Structures are given as C-alpha cells and as structure tokens.
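Dear colleague,

Please find below the structure that I am handing over to you. My notes on what was found in it follow directly after.

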Amino acid sequence: MTADVWLPIPPDEIEGLPEGPAYRHWNGEEAFPADPADCVYYVVPYMKPGGIGVRPLPEMRSVRVVQTLSAGIDHVEPGLAHLPAGVRLCNARGVHEASTAELALTLILASLRGVPDFVRAQDRGEWLGGVRPALADRKVLIVGYGSIGAAIEDRLVPFEVAPVVRVARSARTAAHGPVHPLTDLPALLPEADVVVLSTPLTDATRGLADADFLARMKDGALLVNVARGPVVDTKALLTELESGRLTAALDVTDPEPLPPGHPLWQAPGVLVSPHAGGPTSAFLPRAKRLLVDQLHRFVNREPLRNVILTTGASSGSGTLRNLPGASGTRISPGRHGA
C-alpha cells in the first residue's frame, strides 16, 4: 500500500520533510492528486469555503491523522463521522497565536481610540478632535483562555491595563494567574470594560454571547470577537449596537463572509475586519515548521503534538496499525481554547 501524505503546500517548498511517504499536493482543487484511499496523513487546506476541506474524507479509508492548519477544528468536524476509528485530529496550536493576538490588540486600540472615525474624517479632509478612551487602566475579560487567550494577555500587559480576568471551560491556574470557569461569567461581565472572545466553536460556546450575556456587559463596554462568528448572537448584538450601549470589533461574523447590505456593516460603533487574524506573513513559515515536526513524529512513531481527539473507541484494524505513525494507544480528547 502506498503511504501518501496530502499537503496543501507544495512539498518542494517545505524543507526538511522526512523521507518515506509519497507527498501529494492538494489545496482544494476539483481533482484529487491521487487515490484518497491511500492517504495516511491528511493536512486540510487552509481557509477554504464550502466544506472543501472535508470533501475527500469519506474516501480516506487508510487515514491515520487529519491535521488542520487552523486553531479551530469546527470546519472539519462534519467529516469526522466518515473516518475509521483511531484517527487522530490535530490542530495548529503554535501557528496562529502571535498573529491573532496582534489583531485582537489592534482591534481593541483602534476601537477605543476611534481610528475608524479618524480614517473617515481624513477622507473628508476634516480634523476630528476630542477625548477618546485609553486602554490603560481598563479591565479586560478574556473568554476562552487557551494559547491564543494567553498570547492576547501577554500583549495587553505592557499597555498598563487593569488586572486581566481570565475565563475558560473550567477553573485552573495559568502562568499569569487564576482562570475562572465559564459558570462565573454572569458575575464577571458587569465589571469588564473590554470583553475578548477567543473560544473555539463548540456546542457549549455557540451563541455564548447571547442577549443575556450582552445585557450583563456594562454600559459603554467593547466586545471583541476573534473566535468564531456563531459564538455571538448577531441579532442580539445588533440590538445593543443600535441602542448605542455597546461597541464591538469583529474579526469573525455570523454569517461569514458578511454579505453586502447586512446591518452589521452600518451598525454604529462596530469595526469589522475580514477574518484576518490568522493569514499573515507569520503563517506560512510557522505552518511549515509544524508540518515538518509532526511528520517526523508520525514517520518515527513518536507522539504527535496538538491532538484534539481520536475517532472511535479503538485504534482501528490490524492492517492500519502497520502504517507509519499508527499506534495501538487511544488518545483522549485534548484541550483547545475554552
């Protein structure tokens, strides 16, 4: 059996790939580069629309690893039911933290200091003065304190913010201090000047920022979403924006992409960026380093990084265990974000 590895980046552009597998380049094109049944390690094309990335999964009967190049795995989950038992799903932890945290900080500063208003005034040739909120001394609540949430806090600290409050799926202690469980949110929201969402999209976080969540936020607070669009109830957010009580900075929206004429485009107090947190100049070199490391681990039968879950209740059939990187050990679901 051919042990194929499907990569969305041309293999000859990735230095240091291990010898052994047959590398196939596929970045979401209509035609597959080879028989999907021979693929043992599948790297999902990055930021492709319409379920393109899951299209070959039903035919990947020998696959042992599905690797995303995103921090979130929600776009792959619909295809997991087609996979054999024992397939490890890995995300791209370590690739997007810096870029996403940079954008979160950019959105916070731009929104508080009124940069969009300055740009519009410049277009009109108008000198727009006035007093604007500072980030200094503001209390920031980060909802979804995984690796991206921690990277956001790292960048907030030099701006002399009030103590950052951290929330994750369950309580724990992080390097910067205590992390509250999600159940503490109702008591924490009224005290925050800025609320940053950096959670994965799961059943527990879909619609998390609903009407009740938003109503608990203090008057004049800023909501920043660098997670996934459906984490926020768009209709409830529009109600708060149109009343002028809250402002928002959104790198992700529901629906996405935001269609022409959608009310969010013209809502007062909102800044929209087009899901720009991950795709930066930092992405490609970090993604390549991740793939080289993971594939060396796979070929050498070493533990993989960033395993989010393993399909099924067993490791699959005996024939699959003989493939490179296969293991008889079940891996429990891992923590990713909130």
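Helices (H or I, at least four residues) and strands (E, at least two) are DSSP runs, numbered from the N terminus. This is a predicted model, in which local features need pLDDT of at least 70 and side-chain atom pairs count only at pLDDT 80 or more, while totals for chains, interfaces and linings use all residues. Residues are numbered from 1 along each chain as its sequence is written, and side-chain values use heavy atoms, with hydrogens and water left out.

I begin with the surface. F118 lies in helix α2 (residues 115–124). Together with V115, V119 and L128, F118 makes a nonpolar surface patch of about 290 Å². For such a patch, residues must have over 30% relative accessible area and no salt bridge; nonpolar side chains (Val, Leu, Ile, Met, Phe, Trp, Tyr) are joined within 5 Å, and like charges within 9 Å. A salt bridge here is a side-chain nitrogen of Lys or Arg within 4 Å of a carboxyl oxygen of Asp or Glu. Areas come from the Shrake-Rupley method with a 1.4 Å probe, and for residues only the protein chains shown count as cover. F118 itself is partly exposed, with a relative accessible area of 36%; buried means under 20%, exposed over 50%, and partly exposed in between.

Next, the interior. A nonpolar core is a set of buried Ala, Val, Leu, Ile, Met, Phe, Trp, Tyr and Cys residues joined through side-chain atoms within 4.5 Å. The largest one has 32 residues, of which L141, V195, L197, F213, L214, M217 and L223 touch the most other members. Among the elements that each supply at least two residues of this core are β6 (140–143), β10 (194–197) and α5 (211–216). The largest share, four residues, comes from α6. A second, separate core of 28 residues includes I142, Y145, V161 and A168. Contact means heavy atoms within 4.5 Å. Residues up to four places away in sequence not counted, V195 touches L141, V143, L189, F213, M217, L222, L223 and V224.

T234, A236, L237, L238, E240 and L241 are its buried residues, and their cover includes α5, β11 (222–225), β12, α7 (263–266) and β13 (270–272). At the start of α6, a side-chain oxygen of D233 comes to within 3.1 Å of the backbone nitrogen of K235. Just after α6, G244 has a positive phi of about 80 degrees.

The backbone also calls for some remarks. Most residues other than glycine have a negative phi, and most peptide bonds are trans. A cis peptide bond joins D254 and P255, with omega about 10 degrees, and the bond from E256 to P257 is cis as well, with omega near -5 degrees. M47, in the loop between β3 (39–43) and β4 (65–67), has a positive phi near 55 degrees; M47 is partly exposed at 43% relative accessibility. R301 has a positive phi of about 60 degrees although it is not a glycine. This residue, R301, lies in the loop between α8 (283–299) and β14 (307–310) and is exposed, with a relative accessible area of 52%.

With kind regards

Notes:
Buried < 20%, exposed > 50% of the residue type's maximum accessible area, 1.4 Å probe, protein only. Polar contact = N/O pair within 3.5 Å; in protein donor to acceptor, adjacent residues only side chain to side chain.
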